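Here are my notes for a colleague who is new to this structure. Please read them with the model open.

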Amino acid sequence: MCRVIAIANQKGGVGKTTTTSNLGIGLAKQGKKVLLIDADAQGSLTASLGYTEPDAIEITLASVMGSLIKDEEVEPMEGILHHEEGIDLMPGNIELSGLEVSLVNVMSRERIMQEYISMVRDYYDYILIDCMPSLGMITINAFACADSILIPVQAAYLPVKGLQQLIKTIGKVKRQINPKLEIEGILLTMVDSRTNYARDISAMLKEAYGSRVKIFTNIIPISVRAAEISAEGVSIYKHDPKGKVASAYNSLTEEVLANEQ
């Protein structure tokens, strides 16, 4: 049984891409077959895994979804890249912006990505989708085919406040499009645990959402080493294996695996 997890937050800079790649590689290290999908027009996930020119890649999520819209034949594994750390990647690039606009006039427009996922689902244990920082049509597509949504939130007042809109949207998609959709959990990222401020935010999060939504026990600490990895094209496990961030993502991986039970 493959689990599809969308990693989403309509606010940028909260650690979505870092979480997608490190959780994905963490799951692969545990022997799982993992596909990462870059559903962000900025192509940050693709670039952070070492494919430095996402816009030059010919077959991407946008081109595959475009073919499905036109009812063209698509090979399930077409365009999938294999990363040295044991995961597969369906790259994303700027073409997703154009696709987002053209989806408006497409029949069953929120289910195009679902059509793609159903073709590759049997090959993997986990599919993680790195969503763009907006609640547009591509993100709704990701929600429509996901089993659950993992929400990274920066340990700061405004990002935590902005969660209401996201949780509302998830509820709406669950009611209208995808009844099996759940929230995998809220993950606090970029936490400076030396400050009272981070502890206050954590308490505020638990008070506001703890009764309705799982909040991961593990938090991702703020770290210069973690900021460096996107330029290196490798995960935190390769860049700084003994550091606190690698250890935090290891624990997060175990927590996600435990959610399976």
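1. Start with the largest pocket, which holds about 480 Å³ of space. Keep in mind that this is a predicted model. The pocket is lined by 30 residues. Nearest its centre lie Gly15, Lys16, Thr17, Thr18 and Met190.

2. Which elements give two or more residues to that lining? They are helix H1 (16-29), helix H2 (44-48), helix H10 (224-232) and helix H12 (244-259). H1 supplies the largest share of the lining, five residues. By class, the lining has 15 nonpolar, 13 polar and two charged residues. As background, rolling a probe the size of a water molecule over the atoms shows where empty space is left.

3. Next, look at strand E5, residues 126-131. Six of its six residues are buried, so E5 is largely enclosed by the rest of the structure. Tyr126, Leu128 and Asp130 point one way from the strand. Ile127, Ile129 and Cys131 point the other way. Both sets are buried.

4. What are the pairing partners of E5? One is strand E1, residues 3-7, which pairs with E5 in the parallel sense over five bridges. Within that pairing, Ile5 has Leu128 as its bridge partner in E5. Strand E2, residues 34-39, also runs parallel to E5, and six bridges join the two. Asp38 stands opposite Asp130 of E5.

5. Now the largest nonpolar core, which has 59 residues. Which members touch the most others? Met113, Ile127, Ile129 and Phe143 do. H6 gives the most to this core, with seven residues. Apart from it lies another core, of 29 residues, including Leu27, Ile236, Ala248 and Leu252. In soluble globular proteins, nonpolar side chains tend to be buried together.

6. Leaving aside neighbours within four places in sequence, Ile127 is in contact with Cys2, Arg3, Val4 and Ile5, among others. Its other contacts of this kind include Leu35, Ile37, Ile117, Val120 and Arg121.

7. Is helix H6 enclosed or open? Nine of its nine residues are buried, so H6 is largely enclosed by the rest of the structure. These buried residues are Met137, Ile138, Thr139, Ile140, Asn141, Ala142, Phe143, Ala144 and Cys145.

8. Take Met137 in helix H6, residues 137-145. Met137 counts as buried because its relative accessible area is 17%, and the cut-off is under 20%. Setting aside neighbours within four places in sequence, Met137 is in contact with Glu100, Leu103, Arg109 and Glu110. Leu103 is 34 residues from Met137 along the chain, yet their C-alpha atoms are separated by 7.2 Å.

9. Most residues other than glycine have a negative phi, and most peptide bonds are trans. Asp71 has a positive phi, near 60 degrees. Asp71 lies in the loop between helix H3 (61-69) and strand E3 (81-82). This residue is exposed, with a relative accessible area of 71%.

10. Ser108 sits in the loop between helix H4 (95-102) and helix H5 (112-120). Is Ser108 buried, exposed or partly exposed? Ser108 is partly exposed, with a relative accessible area of 44%.

Note on methods
Residues are numbered from 1 along each chain as its sequence is written. This is a predicted model: local features need pLDDT of at least 70, side-chain atom pairs count only at pLDDT 80 or more; totals for chains, interfaces and linings use all residues. Side-chain values use heavy atoms; hydrogens and water are left out. On a 1 Å grid over the protein atoms alone, a cavity is a set of points where a 1.4 Å probe fits but cannot get out, and a pocket is an open set with protein on both sides within 12 Å along at least five of seven lines; lining residues have an atom within 4 Å of a point. Grid points are joined across faces, edges and corners, and a volume is the space filled by probe spheres set on the points. Helices (H or I, at least four residues) and strands (E, at least two) are DSSP runs, numbered from the N terminus. Ala, Val, Leu, Ile, Met, Phe, Trp, Tyr, Cys and Pro count as nonpolar, Asp, Glu, Lys and Arg as charged, and the others, Gly among them, as polar. Buried means under 20% relative accessible area, exposed over 50%, partly exposed in between (1.4 Å probe, protein chains only). Contact means heavy atoms within 4.5 Å. Two strands pair if DSSP finds at least two bridges between them. A nonpolar core is a set of buried Ala, Val, Leu, Ile, Met, Phe, Trp, Tyr and Cys residues joined through side-chain atoms within 4.5 Å.
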